[in-house]
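Subject: Structure handover

Hello,

Here is the structure for your files, with notes on what was found in it below. Please read the notes next to the coordinates.

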Amino acid sequence: MTQTQAQAQARPAVGWHVELEFDEDDHRTRAAALVRLPDGSEVRAHGYASRHPSDSNQPRVGEEVAGARALNELAMQLLTKAHDEIDEASGRTSHPLT
């Protein structure tokens, strides 16, 4: 058995499931993002997109923009959570994770 195979056997597979839900009207799209982490915690974020009145109605584009903004906010919250956990474990203030 190679070292890589031994490491793969020693670590359980971890996966995250991210959920995105959308709410739309004629001019605005709202996205809600949720990720459940292996420690049982949940991180939630929201993103929004607004359609200018002169733009054609393209719901998919609104979902992409609002979804990307929600996922970006989710990513920033996860970075902050990791940073806080590093500080707590080390007992000192670490460099920001960006």
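A word on exposure first: a residue is called buried under 20% relative accessible area, exposed over 50%, and partly exposed in between, using a 1.4 Å probe and protein chains only. Accessible areas come from the Shrake-Rupley method with a 1.4 Å probe, and for residues only the protein chains shown count as cover. By these cut-offs D39 is exposed, at 54% relative accessibility.

This is a predicted model, so local features need pLDDT of at least 70 and side-chain atom pairs count only at pLDDT 80 or more, while totals for chains, interfaces and linings use all residues. Residues are numbered from 1 along each chain as its sequence is written, and side-chain values use heavy atoms, with hydrogens and water left out.

Fold

The protein chain has two helices and three strands, arranged along the sequence as α-β-β-β-α. Helices (H or I, at least four residues) and strands (E, at least two) are DSSP runs, numbered from the N terminus. The chain has 98 residues, of which 19% count as buried.

Salt bridges

There are six salt bridges in the structure; the term stands for a side-chain nitrogen of Lys or Arg within 4 Å of a carboxyl oxygen of Asp or Glu.

One of them pairs E19 with R36, with 2.7 Å between the closest N and O atoms. E19 is in strand β1 and R36 in strand β2, so this pair ties together parts that are 17 residues apart in sequence. Both residues are partly exposed: E19 has a relative accessible area of 27%, and R36 is at 40%. E19 and R36 also belong to a network of salt bridges that links them with E42 and R44.

Another pairs K81 with D39, the closest N and O atoms being 3.3 Å apart. Here K81 belongs to helix α2 and D39 to the loop between β2 and β3, so the contact ties together parts that are 42 residues apart in sequence. K81 is partly exposed, with 21% relative accessible area.

K81 also forms a salt bridge with E85, where the closest N and O atoms are 2.5 Å apart. These two residues both lie in helix α2, four residues apart, which is about one turn of the helix. E85 is partly exposed, at 42% relative accessibility.

Nonpolar patch

V18, L20, F22 and L71 make up a nonpolar patch on the surface, and together they have about 290 Å² of accessible area. Patches are built from residues with over 30% relative accessible area and no salt bridge, like charges being joined within 9 Å and nonpolar side chains (Val, Leu, Ile, Met, Phe, Trp, Tyr) within 5 Å. Strand β1 (residues 17-24) gives the most to this patch, three residues. L20 is in that strand and is partly exposed, with a relative accessible area of 33%.

Largest pocket

The largest pocket holds about 220 Å³ of space. Its lining has 18 residues, and S50, R51, Q58, V61 and G62 are the closest to its centre. Elements that give two or more residues to the lining are β2 (28-36), β3 (42-50) and α2 (59-90). The largest share, four residues, comes from α2.

By type, the lining has four nonpolar, eight polar and six charged residues. Ala, Val, Leu, Ile, Met, Phe, Trp, Tyr, Cys and Pro count as nonpolar, Asp, Glu, Lys and Arg as charged, and the others, Gly among them, as polar.

For the method: on a 1 Å grid over the protein atoms alone, a pocket is an open set of points where a 1.4 Å probe fits, with protein on both sides within 12 Å along at least five of seven lines, and lining residues have an atom within 4 Å of a point. Grid points are joined across faces, edges and corners, and a volume is the space filled by probe spheres set on the points.

Two further pairs

E64 is in helix α2 and is partly exposed, with a relative accessible area of 44%. E64 and Y48 are 16 residues apart in sequence, and their C-alpha atoms are 9.9 Å apart.

G15 is in the loop between α1 (3-10) and β1 and counts as exposed, at 60% relative accessibility. From G15 to L37, 22 residues apart along the chain, the C-alpha separation is 8.5 Å.

Regards
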